Amino acid sequence: MPLYEHVFISRQDLSNAQAEGLVEHFSTVLSDNGGKVVESEYWGVKTMAYKINKNRKGHYAFLKTDAPSTAVQEMERLMRLHDDVMRVLTIKVDEHEEGPSVQMQKKDERDGRRERRNRD
């Protein structure tokens, strides 16, 4: 089955439990349609570059999935219809990266950026 990565932003006025509940809800939708969630991360409330629906901040969530395209299409359809979800991004990948995503890594672990800064 194809591998996908999904990032979605939900409204800022939700509680952390409600935002994490959305992750569980969409994971269930995916598994009901023949897919599975390999890993999920809740990134927390982050400030956006521009306002979306009069919101300056949003709850970010990240999913790594292994699912058929029909299951992904159904999950995206339900995300777009859900009132609490503001944006959805889905990317098809060849393989999932091991370990936590860049958003969850500590700054010390992101050595590639430090090397660029220290070049003289």
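The expected span of a helix is 1.5 Å times one less than its number of residues. Helices (H or I, at least four residues) and strands (E, at least two) are DSSP runs, numbered from the N terminus. By that rule, the 17 residues of α1 should span 24 Å at 1.5 Å a residue, and its end C-alpha atoms are 24 Å apart, which agrees. This is a predicted model, in which local features need pLDDT of at least 70 and side-chain atom pairs count only at pLDDT 80 or more, while totals for chains, interfaces and linings use all residues. Residues are numbered from 1 along each chain as its sequence is written, and side-chain values use heavy atoms, with hydrogens and water left out.

**Overall make-up**

- The protein chain contains 3 helices and 4 strands, and along the sequence they follow the pattern β-α-β-β-α-β-α.
- Of the 120 residues in the protein chain, 38% are buried (under 20% relative accessible area; exposed means over 50%, and partly exposed lies in between, with a 1.4 Å probe and protein chains only).
- The protein chain exposes about 7,900 Å², and carbon and sulfur atoms supply 45% of that area; accessible areas come from the Shrake-Rupley method with a 1.4 Å probe, and for residues only the protein chains shown count as cover.
- Contact means heavy atoms within 4.5 Å. Among contacts in the protein chain with a separation of 6 or more, 74% are between residues 24 or more positions apart.

**The sheet**

- The 4 strands form an open sheet in the order β2-β3-β1-β4, with antiparallel pairing; two strands pair if DSSP finds at least two bridges between them.
- The edge strands are β2 (36-52) and β4, each of which pairs on one side only.
- From one strand to the next, the twist averages 20°. Axes are lines fitted to C-alpha atoms, for helices over the stretch in contact, and angles run from 0 to 180 degrees between N-to-C directions.
- Strand β1 is joined to β4 by 8 bridges and to β3 by 9 bridges, antiparallel in the latter case as in the former.
- On the β4 side, Leu 3 has Val 93 as its bridge partner, and His 6 stands opposite Thr 90.
- On the β3 side, Tyr 4 stands opposite Thr 65.
- Strand β1 is mostly covered, with 8 of its 9 residues buried.
- Strands β2 and β3 pair in the antiparallel sense over 11 bridges; Thr 47 has Lys 57 in β3 as its bridge partner.

**The hairpin of β2 and β3**

- This hairpin has 2 residues between the strands.
- Asn 53 lies in the loop between β2 and β3 and has a positive phi of about 50° although it is not a glycine.
- At 59% relative accessibility, Asn 53 counts as exposed.
- Lys 54 is found in the loop between β2 and β3, and its phi is also a positive value, near 65°, in a residue other than glycine.
- Lys 54 counts as exposed at 78% relative accessibility.

**Helix α1**

- The buried residues of α1 are Ala 19, Leu 22, Val 23, Phe 26, Ser 27, Val 29 and Leu 30.
- They cover an arc of only 160° around the axis, which puts them on the same side of α1; the arc is that of the directions from the helix axis to the C-beta atoms.
- Those buried residues pack against β1, β2, β3, α2 and β4.
- The face of α1 turned away from its buried side carries the exposed residues Ala 17, Glu 24 and Asp 32.
- After α1 comes Gly 34, with a positive phi near 100°.

**Helix α2**

- The 13 residues of helix α2 (residues 69-81) should span 18 Å at 1.5 Å a residue, and the end C-alpha atoms are 18 Å apart, which agrees.
- Ala 71, Val 72, Met 75, Glu 76 and Met 79 are the buried residues of α2.
- Seen down the axis of α2, its buried residues fall within an arc of 130°, so they line one face of the helix.
- On the other side of α2, the exposed residues are Thr 70, Gln 73, Arg 80 and Leu 81.
- The cover over the buried residues of α2 includes β1 (3-11), α1 (16-32), β3 (55-66) and β4 (85-93).
- Helix α2 lies across β1, β3 and β4 and runs at about 165° to β4.
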